[in-house]
2 protein chains.
Amino acid sequence: SLDVTNNDAQTSHSTAVLPGLINISSFVPSFDDFEAATKTSLAAGFTYNAFLPQTVNGSTITDLDSLADAIGSASSAAYSDYSLYIAASETNVEEAAEAADSAGALFIPFNDFVKSKVSSISAHFASWPESKPIITDAKATDLASVLLLASLHNRSIHITNVSFKEDLSLIKMAKEKKLQVTCDVSVYSLFLTREDFPKLPFLPTKEDQDALWEGLADVDCFSIGVLPTVVSKTVNNKVAPGLGVSDALPLLFSAVKDGKLTIEDITKRFHDNPVKIFRIPKQDAVVEIDLDRSLKNLDLSPFKNNKLRGFVERVSLHGETACLDGAILSTSAVGKHEIAPRGRFGSVTGSVPQSPVLN
Amino acid sequence: SLDVTNNDAQTSHSTAVLPGLINISSFVPSFDDFEAATKTSLAAGFTYNAFLPQTVNGSTITDLDSLADAIGSASSAAYSDYSLYIAASETNVEEAAEAADSAGALFIPFNDFVKSKVSSISAHFASWPESKPIITDAKATDLASVLLLASLHNRSIHITNVSFKEDLSLIKMAKEKKLQVTCDVSVYSLFLTREDFPKLPFLPTKEDQDALWEGLADVDCFSIGVLPTVVSKTVNNKVAPGLGVSDALPLLFSAVKDGKLTIEDITKRFHDNPVKIFRIPKQDAVVEIDLDRSLKNLDLSPFKNNKLRGFVERVSLHGETACLDGAILSTSAVGKHEIAPRGRFGSVTGSVPQSPVLN
Ligand SMILES: [Zn+2]
Ligand SMILES: [Zn+2]
Ligand SMILES: [Zn+2]
Ligand SMILES: [Zn+2]
Ligand SMILES: [Zn+2]
Ligand SMILES: [Zn+2]
Ligand SMILES: [Zn+2]
Ligand SMILES: [Zn+2]
């Protein structure tokens, strides 16, 4: 296993070697930000970014044309491997399905659905190809609703950014009844509460956060998502590419130090399970982390005063060192558009066909 | 079968003989209205009323105390047999379950649930005894949500007052996937549209109404419910006990004349299926209807100018003629509190134990 912690004799630093990590809900403020976002990602240990179809302007990728445009922008700018999701809307059932072959997944942004939610989301479930994942940010009643629709259509569904106790227990109950549901929790939700930021109602309360930690067995993936961006926008009135990426691993390693998590827990949720759930092609990517070295340049992070430790010293991608001591060595956009090939989509718990090695 | 239409030789009138009909969602403006409501019901062919736990003051029956009070009021005033539902709320999970033995069913009024809908309704599903029915007025996303919860808890659920195409197709899909769901449509929804009453958004559109007629195979019961009361309140600014009861059968018989329905369709949905779904004890009750005789005294009905025909000439209950030519013959409140005994609750489609003859 790559998940080992060694004591570096020469420096007395603890190091960890992980496979290249996967950001399953990467957010860019605009599609001009792929270079900045992927460089920040790479330096933070994330060698694969699955980009959300939303920018600060709302849902932007909604059909094959807009998806192709975004892939074009990313292909000339990405320093990590990547894919892009397409956003479901009340009116694009056919267009979304037409674009499925080029998309990483269908993303259902629940706030975009105002009326006839049930029938239009049901239509997406009926049209979107079975071999391709579906991911949604549904909460509360919407979550229950989308779980029913997934079940009625015999489809897998991934719930992203689970923040509340109620939602995690519903997912747990659904899993116990063998519904094909997986979920992720944003790293920020494990370390920030509404009590810390009363102006941010989308953050978990302390009680919710305790439930997320206690229910970690049912959390299949960790994510970054839009939460760090929304926090920074509210707190700093500033948005930038790659927010929440640099502090993610150091925050989780701090929990490892506190005995709340193992490194295996991190690898499973930021690599192994994302690969299975989103059928991400195998990457030849390795990340070496110095667990004791402290981070700098976290100006927009709410954790900038926490003296976070866990510095990514080396990242290799496609057999070459892409990042060393925080500096990007790749001199061009070496990121590849890598999406799941057509084929039957398996759930995490079911038997998952091994993803082919593409490079 | 009792469902026969004869030509009455002496008068040349067509008559139908039906079993005493069952109103599964009877509404009284207040609990002082049991006498008026049950007399109107009896005269209209309904020998059993399952009363909703709401009055014009909102949810009134919410625990054993309020249920016992309402049963007390009804017992001294009811001219039909009856039961009362208890209303679920965000705070009465335990109280409701405690009162289950004396209640006809648990009614989940979705508008009463504001926050933590999913977890509190889930708690009701977990606490309410399996032998007792659950009924709800959920629509749209709430409907999908409650169907999921029923499924996760392996419970039957009855959806009342289905009004929209989207909701009926969701129920149809759920039935196809063997979820234990049944539903009813209010008679008014089959004959009034939003186009007729633009101020009443809870009425089906013409398109919805067409879907209700076309999807009648998935409509297990007919109901009356609160719809006639809400229509009268908006149109006439008046509320009275028994609204919508007198015009229900004549409206349906007009559809029989138009070839859109059979008498068997009516008996199934206003007697046979209600008995099974709500496990209503067997009644010795018979209704004789003159299909050609016209109705009077429909002042508050939106159908008062339709010259409705189908006059209930005789109703017998408990072996005696209780109503003749519209006049109540019973000289006291002969209605009995009749609820399903404890035992396993079966779905309509499953094997239903024969209800015992209690009188
Ligand atoms: Zn297009
Ligand atoms: Zn990998
Ligand atoms: Zn070091
Ligand atoms: Zn490679
Ligand atoms: Zn009480
Ligand atoms: Zn009967
Ligand atoms: Zn006659
Ligand atoms: Zn009797």
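A174(A) counts as buried because its relative accessibility is 0%. Buried here means under 20% relative accessible area, exposed means over 50%, and partly exposed lies in between (1.4 Å probe, protein chains only). This is a predicted model, in which local features need pLDDT of at least 70 and side-chain atom pairs count only at pLDDT 80 or more, while totals for chains, interfaces and linings use all residues. Residues are numbered from 1 along each chain as its sequence is written, chains are lettered from A and ligands numbered from 1 in the order in which they are written, and side-chain values use heavy atoms, with hydrogens and water left out.

A174(A) sits in helix 6 (residues 165-176) of chain A. Helices (H or I, at least four residues) and strands (E, at least two) are DSSP runs, numbered from the N terminus. What does A174(A) touch, not counting residues up to four places away in sequence? The list is L147(A), L179(A), V181(A) and, from chain B, L152(B). A contact means heavy atoms within 4.5 Å. E95(A) is 79 residues from A174(A) in sequence, and their C-alpha atoms are 30 Å apart.

## Chain A as a whole

Chain A holds 11 helices and 17 strands. Its radius of gyration is 19 Å, close to the 21 Å that the globule rule gives for 359 residues, so chain A is as compact as a globular protein of that length. That radius is taken over C-alpha atoms, and the rule is 2.2 Å times the number of residues to the power 0.38. Along the principal axes, the C-alpha atoms of chain A fill a box of roughly 60 × 45 × 45 Å.

Of its 359 residues, 57% count as buried. Take the contacts in chain A between residues at least 6 apart in sequence: 71% of them join residues at least 24 apart. Chain A exposes about 14,200 Å², and carbon and sulfur atoms supply 48% of that area. Accessible areas come from the Shrake-Rupley method with a 1.4 Å probe; for residues, only the protein chains shown count as cover.

## A three-stranded sheet

Three strands of chain A form an open, parallel sheet in the order 3-4-7. Strand 3 (21-26) and strand 7 (81-84) of chain A are the edges, each pairing on one side only. The twist averages 15° from one strand to the next. Strands pair if DSSP finds at least two bridges between them.

Strand 4 (residues 46-51) and strand 7 of chain A share four bridges. Y82(A), in strand 7, is the bridge partner of N49(A). Helix 1 (residues 34-43) of chain A packs on the sheet, touching strands 4 and 7, and its direction makes about 140° with that of strand 4. Helix 11 (residues 263-277) of chain A also packs on the sheet; this helix touches strands 3 and 4, at about 70° to the direction of strand 3. Axes are lines fitted to C-alpha atoms, for helices over the stretch in contact, and angles run from 0 to 180 degrees between N-to-C directions.

## Inside chain B

The buried residues of helix 8 (residues 206-214) of chain B are D208(B), Q209(B), A211(B), L212(B) and W213(B). They pack against helix 6 (165-176), strand 12 (181-186), helix 7 (187-191) and helix 10 (245-257) of chain B.

T193(B) lies in the loop between helix 7 and helix 8 of chain B. Is T193(B) buried or exposed? T193(B) is buried, with a relative accessible area of 5%. Leaving aside neighbours within four places in sequence, T193(B) contacts residues including K206(B) and Q209(B).
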